[in-house]
Amino acid sequence: MALEELHSNEEEATSCSTAEQTADDGRPAESPAPETASVPKARQPWNASEQAFWPKHAILGKAHLAEQNVQKWIATYGDKFDQLEFAFNYVAGQNRVHVVNEPSALPGDLWFVGDVHGDILALEAALSFIDSRAHQATIVFLGDLFDRFQYGLEVVMRVLALVIERPGKIFWIAGNHDDGLFFDNGAFSSKVLPSEFCQFLNQRKEYEDFGKWLVGFCKILPRALFLPDGLFVAHGGCPSFDMNTFGYSIDNVRQLQDLEDEKYLHAFIWNRLIPGQDDKSEPEVGKNDLIYFLGKMEKLTGIPAKRMLRGHDHCLESRHEFFESYYPQAPVLTIATMSAWYLGTEEFPPELDRSRRKAPITTPAVAKFRPGELPEVFTLEIPQAIVRQFHEVEELPSR
Ligand SMILES: [Mn+2]
């Protein structure tokens with residue numbers, strides 16, 4: 001119970017506010033370490049209005065149209081959910097810290113999508129953009145597919161359909177919202193409150209079976225991915241190097257298998273790395289925790305773990321942030337893939353009139369893998385009219 005209280009306010013604590021400062025700042029680091037010497041140039045804006053591939057349901061924001069698709073997906077794919085073929089030859093549940101040792105196992109085109117949180121518009125924008133750049137790219141989702149925006153079911157189904165349609169090309173790392181979902185005493189609930197997705201599932205009995213399956217599935221999703229160039233990917237953070245809340249230290253990890261213990265797996269999705277913070281104050285961890293953890297992982301995996309890509313924080317406006325203070329020892333990039341600020345819990349400027357329910361526009365970020373460096377960030381500039389139409393609450397049918 002203490003755990004749930006601990007995390008119940010996590011969204012409000014989120015403020016990833018320095019994206020503007022880091023965006024154009026190619027500041028050189030003190031030492032000229034070749035791989036991680038400087039904060040990369042942040043953005044390459046891309047104007048989606050040049051493209052004509054917007055799916056109708058996303059443009060119109062009509063829930064019932066989107067839902068027709070979901071019902072079609074369930075009818076088409078429902079019996080395939082237990083034989084999902086993930087990227088990197090991952091088998092769900094086999095192990096949850098997945099290490100890719102061989103550089104030859106890296107796909108040619110590897111992309112990352114951050115927290116989507118039910119924003120099907122942002123997801124479709126991300127997929128359209130990635131598909132325009134690469135044929136059948138491998139795509140890693142960093143977790144938190146539902147809650148907050150209202151199309152959580154559609155987002156989950158779209159990702160599951162992708163796994164089936166593109167065998168071996170999709171990877172889904174659990175986020176805290178995914179892991180936090182459960183079904184108990186006849187109702188869905190979540191360790192992260194509020195949970196809009198639970199409210200939806202509890203109102204819509206026709207999705208109860210699917211929801212129950214999803215609860216179990218989220219529990220066996222991977223929690224961390226290590227790539228052979230040294231990139232560590234997880235939703236939230238890493239275990240801290242001294243005794244943490246649960247009385248365990250990463251120091252006690254003697255082999256990779258030890259990390260499969262729930263007390264360590266917990267850290268990957270629930271801990272929060274804070275820019276400018278050196279040491280832990282659980283559930284937040286800092287630069288020194290990450291440096292220590294990466295060093296430990298290098299000894300255990302033989303991979304020179306050097307840098308981290310994560311989601312979890314929602315990085316308002318440009319939806320991404322480089323942690324400059326972590327350079328050059330342990331560079332970190334956070335991305336989020338959402339097209340507007342969530343009006344419920346995210347901070348937004350006081351001059352905005354909440355009663356008008358205009359969701360302020362943001363540019364969802366996606367990232368492209370590049371060996372030996374943090375991934376390259378692309379911010380997607382969806383036409384403002386589409387974003388406004390999609391997120392304007394009074395225009396959406398209630399359901
Ligand atoms: Mn999130």
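# Briefing on the predicted model

Strand E9 (residues 231–234) runs parallel to strand E12 (residues 307–310), and three bridges join the two. They belong to a predicted model whose chain contains 13 helices and 16 strands. Of the 399 residues in the chain, 46% count as buried. Where contacts link residues at least 6 apart in sequence, 75% of them join residues at least 24 apart.

**Confidence**

- The chain has a mean pLDDT of 79, and 75% of its residues reach 70 or more.
- Over residues 1–37 the pLDDT stays under 50, and the model gives this stretch 62 contacts beyond four places in sequence.
- Residues 393–399 also have a pLDDT that stays under 50, with eleven contacts beyond four places in sequence.

**The six-stranded sheet**

- Strands E9 and E12 are part of an open sheet of six strands, ordered E2-E8-E9-E12-E14-E13, in which the pairing is mixed.
- The edges are held by strand E2 (97–99) and strand E13 (320–322); each has a single partner strand, so one side of each is left without a neighbour in the sheet.
- On average, neighbouring strands of this sheet are turned by 15 degrees against each other, direction ignored.
- Within the pairing of E9 and E12, phenylalanine 232 has methionine 308 in E12 as its bridge partner.

**The E6–E7 hairpin**

- Strand E6 (residues 181–184) pairs with E7 in the antiparallel sense, over four bridges.
- The two strands form a hairpin with two residues between them, and asparagine 185 in the turn has a positive phi of about 50 degrees.
- Aspartate 184 stands opposite alanine 187 in E7.
- Strand E7 (residues 187–190) has two faces: Phe188 and Ser190 make up the covered one, Ala187 and Ser189 the uncovered one.

**The largest nonpolar core**

- The largest nonpolar core comprises 106 residues, of which Ala126, Phe171, Ile173, Phe232, Leu290 and Val366 touch the most other members.
- Helix H6 (residues 120–133) supplies the largest share of this core, nine residues.
- Valine 366 touches Trp111, Phe112, Val113, Ala126, Phe129, Ile130, Ile335, Thr337, Phe378 and Leu380, when residues up to four places away in sequence are not counted.
- Phe232, one of the residues that touch the most other core members, is also the residue bridged to methionine 308 in E12.

**Buried loop residues**

- Phenylalanine 86 is placed in the loop between helix H5 (63–77) and E2.
- This phenylalanine 86 counts as buried because it has 20 C-beta neighbours inside 10 Å, and 20 or more is what the buried class requires.
- Leaving aside neighbours within four places in sequence, phenylalanine 86 is in contact with Ala92, Val163, Ile170 and Phe171.
- Phenylalanine 86 and tryptophan 172 are 86 residues apart along the chain, yet their C-alpha atoms are separated by 8.2 Å.
- Histidine 235 lies in the loop between E9 and helix H11 (262–270).
- With 28 C-beta neighbours inside 10 Å, histidine 235 therefore counts as buried.

- H11 is mostly covered, with seven of its nine residues buried.
- In helix H13 (residues 384–391), the residues Ile386, Val387, Phe390 and His391 are buried.
- Viewed down the axis of H13, its buried residues fall within an arc of 110 degrees, so they line one face of the helix.
- The face of H13 turned away from the buried side carries the exposed residues Gln384 and Ala385.

Definitions and conventions:
Residues numbered from 1 in each chain as written. Predicted model: local features only at pLDDT ≥ 70, side-chain atom pairs only at ≥ 80, totals over all residues. Buried ≥ 20, exposed ≤ 12 C-beta atoms within 10 Å, placed from the backbone. Arc of directions from axis to C-beta. Pairing = 2+ DSSP bridges. Axes fitted to C-alpha atoms, helices over the stretch in contact; angles between N-to-C directions. Core = buried A, V, L, I, M, F, W, Y, C linked by C-beta atoms within 7 Å. Contact = placed C-beta atoms within 7 Å. pLDDT = per-residue confidence, 0-100.
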